[in-house]
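Here is a short briefing to read alongside the coordinates.

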Amino acid sequence: MKFLVVLVLIASAGSALASDLDFFLINKTARDFGALYVSAADDKDWNGNLFADDFLLEPDAKVDVQFHEARDVAVWDLKFVDNSGVASRFDKVNLINVTTITISESNGEIVITAE
């Protein structure tokens, strides 16, 4: 299994929640994902792609996602974009105390599990 570390800083912050927002992302699909966007649930704008340029989260790969947000926000919207441009959006994901998010497929649909 491949293990890559991606360190992404959205904003520099001293928030107590910052370390609680980090998680491992595991791809249990047959797809490659080239983008992960995160936005506070109450924000209508997506922040930039958290993945580095030319990075693909390949099937069975795991990446350490770290981001730091200045606001004390627990609930986030997540959007994954695969290498063919298909986007899957998940609204109101509480990232507090989540250590792992797994992307998988069920009946042809992308689903996530947050643990």
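Residues are numbered from 1 along each chain as its sequence is written, and side-chain values use heavy atoms, with hydrogens and water left out.

**Confidence**
- The average pLDDT (the predictor's confidence in each residue, from 0 to 100) is 84 for the protein, and 82% of the residues score at least 70.
- Where pLDDT is low, the predicted coordinates should not be read in detail.

**Overall make-up**
- The protein has eight strands and zero helices, where strands (E, at least two residues) and helices (H or I, at least four residues) are DSSP runs numbered from the N terminus.
- Of the 115 residues, 41% are buried; buried means under 20% relative accessible area, exposed over 50%, and partly exposed in between (1.4 Å probe, protein chains only).
- Counting contacts between residues at least 6 apart in sequence, 64% join residues at least 24 apart.

**The nonpolar core**
- The largest nonpolar core has 26 residues, and Phe 23, Leu 25, Leu 36, Leu 57 and Phe 67 have the most contacts inside it. Such a core is a set of buried Ala, Val, Leu, Ile, Met, Phe, Trp, Tyr and Cys residues joined through side-chain atoms within 4.5 Å.
- At least two residues of this core come from each of β2 (23-27), β3 (33-40), β4 (62-66), β5 (75-82), β6 (87-94) and β7 (100-106).
- With four residues, β3 gives the most to this core.
- Setting aside residues up to four places away in sequence, the contacts of Leu 57 include Leu 25, Phe 33, Phe 51, Val 63 and Ile 103.

**Thr 29, in a loop**
- Thr 29 sits in the loop between β2 and β3, and it counts as buried because its relative accessibility is 8%.
- Its side chain makes a polar contact of 2.6 Å with the side chain of Asn 27. A polar contact is a pair of N or O atoms within 3.5 Å; within protein, one must be able to donate a hydrogen and the other to accept it, and residues adjacent in sequence count only if both atoms are side-chain atoms.
- The side chain of Thr 29 also reaches the backbone nitrogen of Arg 31 at 3.0 Å.

- Asp 77 lies in strand β5 and is buried, because its relative accessible area is 4%.
- A polar atom of the Asp 77 side chain lies 2.8 Å from the backbone nitrogen of Lys 92.
- Leu 78 lies in strand β5 and is buried, with a relative accessible area of 0%.
- The C-alpha atoms of Leu 78 and Ala 40 are 8.9 Å apart, with 38 residues separating them along the chain.

**The β7-β8 hairpin**
- Strand β8 (residues 109-114) runs antiparallel to β7, joined by six bridges; strands pair if DSSP finds at least two bridges between them.
- Two residues lie between the strands of this hairpin, and Asn 107 in the turn has a positive phi of about 55°.

Conventions
Predicted model: local features only at pLDDT ≥ 70, side-chain atom pairs only at ≥ 80, totals over all residues. Contact = heavy atoms within 4.5 Å.
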